[in-house]
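Good morning, colleagues. Today I would like to discuss charged pairs and a nonpolar surface region, with the structure on the screen.

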Amino acid sequence: MMKHCSHCHTVAVMPKSGFCRACNRTKAQQGSPFKRFILPISASIGAFFLIPSLLYSAQAAQIVNENKTGDTIETQNTPLTSQCLSPKVSLIRQKGAYNSLDKVMADKKFTQLGNAVLDLKKLPVTASHSLAVNTQLAALPFSAITSLEQAQQALQHYLITLEQQPENAEKLFNQAEQLTERYPDDALLQSLLQRISHYTDWQPVTSIINSAGIDFISVSGWQPESPFIRARRALLPTVAENEQVLFGDQRLVLLSTNLTPISLYIDARLDDLPFLPESPAELFYQVDDHPVQLILLNDKDDWQRLHINIPAGEHAVRLYQQQPVTNQYIKLRFDDKQSVLTLIQERPYLITTAQTPLEFYSLGPTQLRIDEINNGLASYRYQQVAEGWQKITLPPVNGQARSLLRVSQRVRNLNPKPINNRIVQRTIIPVPGPEVIADSVSHSDKVELLDAFTLGKQQDGTLSTGIGFVRRNNQQEDGSTLSEEQFGQYTLNYRYFDEAHHAYWNSEGFLRIREHGGPSFSLDESLYYNPDWLPFSLRSSAKIIAQVPHDQPEWLGQWNIAAAKAYHLSPKTRLIPSLAFFARTLSLRTSALDDQLKVKVDQDLYTPYKADHTMGLTPALSIEHRPWLDTLWSAKIAAGSNESLNVISPDHYRSEAHWQQLLGSVTVDASYRVSFYQTDNDRKTASKRSFAGLELNWQRWTEKQNRIEVSAQYNYDIERNANLATLSLAFHFGEGRGLRDFAPGEVEFRDIRQRQTLGSQQNNKMLDVDTCTWQCPGQKEKAVN
């Protein structure tokens with residue numbers, strides 16, 4: 001039974017001789033075990049890590065994949081053919097200090113450059129402006145750093161300190177990361193943080209207090225846990241499930257226990273990032289203490305096969321790179337037709353539950369990386385640890401009953417290795433000079449002002465006037481008690497956007513000349529309010545309508561308010577719940593009028609429905625989908641309450657659907673609307689109202705960003721078999737304000753309509769003039785900012 005090496009923490013020690021086949025050290029060279037502060041529960045977990053090596057029989061091989069120390073172990077079962085007579089094989093992944101070569105280089109005091117020998121101590125010392133040189137930089141307390149310049153100086157001082165005292169890496173990195181988070185867009189801080197991070201590394205936590213146990217999760221193929229490697233894996237070609245990847249200073253150790261000699265076949269290929277210069281890689285492999293052999297791998301080459309003969313007995317095969325290059329990866333494929341070697345990996349995860357959460361000790365200040373797997377999906381998060389010994393508790397998150405975690409903490413790295421990066425050589429191509437050289441600007445003491453937009457009016461709002469001809473019946477009314485009405489209408493609007501308060505104001509008045517009855521007029525003030533601090537938008541309006549339909553005047557006053565919130569389900573779809581309330585008072589409160597008065601009274605002033613419903617609540621839900629910029633599909637469902645404001649038993653239900661399409665300057669709106677009125681105290685039988693409609697809206701911009709709008713609308717009342725229509729013409733005096741004063745929802749396809757502005761290139765100008773009476777040749781125009 002192989003034992004645990006006290007130096008490299010690998011299960012690779014020969015039981016009799018005590019020789020470790022992973023790090024090539026004898027029992028005496030391994031030294032005493034590294035003592036840690038581990039509670040008794042840690043010993044049971046450590047013993048559990050070794051259980052997989054005891055479970056597999058001689059019919060299967062074992063592959064142990066270690067990450068740096070041996071605290072995190074991945075076990076892999078490898079079926080072998082009968083030709084191997086059931087040997088036992090282990091594969092170990094190592095990195096860092098345990099990847100040192102067997103041959104120790106001599107410590108030279110002199111540097112040899114060609115035929116010259118240089119004594120470094122006798123070379124003249126010159127001043128340096130490198131950030132890593134101690135230039136008596138004053139260190140500010142962490143709490144006193146309040147500006148970007150102070151943060152940059154602090155990180156420079158941290159880097160200087162780490163080069164002299166790397167044992168303070170955890171604390172300084174923690175402070176450096178907090179400063180970098182304050183100024184995430186500063187390139188200098190990001191560069192300094194990268195250099196500081198070279199003095200730290202990740203190590204699995206070991207001081208476990210309590211957990212709900214350990215679970216092994218099967219992993220197929222190469223699935224690195226490090227976020228750094230995950231990001232680069234997306235840039236590499238696909239890695240098959242039967243392939244492993246060797247990168248950086250890692251090495252793979254294949255431990256074999258076989259009864260007869262075997263032949264091992266390993267396929268190797270170099271994978272590189274496509275946008276970096278090509279750099280060949282040298283793959284070294286060695287069987288036990290035999291001479292080291294190497295194979296040269298070039299980018300874009302096909303697989304190269306290694307044929308390794310392994311004698312009978314216990315042996316170790318090592319594969320590694322001597323001088324690895326950053327962002328370069330070597331693929332290894334261990335299975336072939338002769339040996340049928342397949343890799344099945346298992347990773348141990350600590351179990352945490354609500355009843356028995358994962359608890360451990362951590363010495364801060366430091367940072368924890370928590371890898372979690374849930375339904376086959378791996379995620380990670382970070383957690384800061386305060387200074388001193390801290391007890392960390394990690395219960396399941398998001399209300400889960402059970403979670404699987406692997407926790408690592410950032411520790412100091414006393415001997416960071418230099419980074420071997422590839423330098424990208426770029427050839428600077430000079431930009432040719434301009435083909436046209438502008439004349440020199442002439443200056444004049446006099447200027448002439450040309451105002452495309454009259455000054456003193458652009459800060460004003462937008463005035464609109466219109467005329468329309470309407471044939472309608474009230475769509476909100478149930479039953480068939482009202483007849484159709486016809487009238488001509490003159491409207492006047494004044495809109496203003498109060499940018500300081502995020503408010504859109506709209507003052508409107510109309511005068512109607514009716515076919516029957518006297519004229520009617522109305523005043524309406526509406527507000528759309530959507531400040532940054534309010535999580536929803538508000539619409540409110542108050543209006544009054546008056547008419548003299550017979551011998552005395554009649555009137556109606558109404559107030560409406562609605563709140564809505566848009567939730568974007570996707571970039572093209574949004575969901576809009578809303579809640580509206582209205583209250584009205586009117587002079588005609590009777591539910592029955594004589595037939596002559598029904599024809600004369602304006603339906604905006606009186607209907608039987610308005611007389612029976614002086615207040616109400618309307619919850620609604622709308623959905624909008626914009627598959628293309630010039631197309632909008634929408635649907636809405638709503639419920640209107642009675643005066644009791646009970647939306648559980650509403651007065652009616654309503655639904656509608658629209659298809660709006662922009663064709664050049666014309667918007668086409670096809671719609672369908674249906675309302676279901678329920679039986680209540682005011683209604684003996686249920687009824688239904690439905691309409692099918694089509695609207696065409698044409699708009700055109702003129703000079704000074706004025707706008708002409710023509711609208712034609714047709715509605716078909718299905719229950720009453722009535723044809724209803726509206727034709728209107730409006731003119732908006734823009735004065736350079738475009739659509740600025742129109743509230744959201746008033747103009748469909750607002751973004752496209754705004755780009756269609758003919759006057760968008762207009763601006764006020766000034767001309768340099770001379771003393772001549774008329775405009776002189778060669779005058780220059782300057783756009784006014």
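A residue is called buried here when its relative accessible area is under 20%, computed with a 1.4 Å probe and with protein chains only as cover. Please also bear in mind that this is a predicted model.

By that criterion D717 is buried, because its relative accessible area is 0%. R689 is buried as well, with a value of 3%. These residues form a salt bridge, in which the closest N and O atoms are 3.0 Å apart. D717 belongs to strand β37 and R689 to strand β36, so the pair ties together parts that are 28 residues apart in sequence.

A search of the whole structure returns 28 salt bridges. One of particular interest for sequence separation joins the side chains of R402 and D215, at 3.1 Å from N to O. R402 lies in strand β22 and D215 in strand β10, so this contact connects parts 187 residues apart in sequence. R402 is partly exposed at 42%, and D215 is partly exposed at 23%.

Next, consider R472 and E485, whose side chains meet at 2.7 Å, N to O. Both R472 and E485 are buried. They also belong to a network of salt bridges that includes R512, R514, D602 and D604.

Which residues make the nonpolar surface patch of about 760 Å²? They are I467, F469, Y490, L511, I513, F521, L727 and L729. Strands β24, β26 and β38 each give two or more residues to this patch. L511, found in strand β26, counts as partly exposed at 38% relative accessibility.

Notes
Residues are numbered from 1 along each chain as its sequence is written. This is a predicted model: local features need pLDDT of at least 70, side-chain atom pairs count only at pLDDT 80 or more; totals for chains, interfaces and linings use all residues. Side-chain values use heavy atoms; hydrogens and water are left out. Patches are made of residues with over 30% relative accessible area and no salt bridge: like charges are joined within 9 Å, nonpolar side chains (Val, Leu, Ile, Met, Phe, Trp, Tyr) within 5 Å. Accessible areas come from the Shrake-Rupley method with a 1.4 Å probe; for residues, only the protein chains shown count as cover. A salt bridge is a side-chain nitrogen of Lys or Arg within 4 Å of a carboxyl oxygen of Asp or Glu. Helices (H or I, at least four residues) and strands (E, at least two) are DSSP runs, numbered from the N terminus. Buried means under 20% relative accessible area, exposed over 50%, partly exposed in between (1.4 Å probe, protein chains only).
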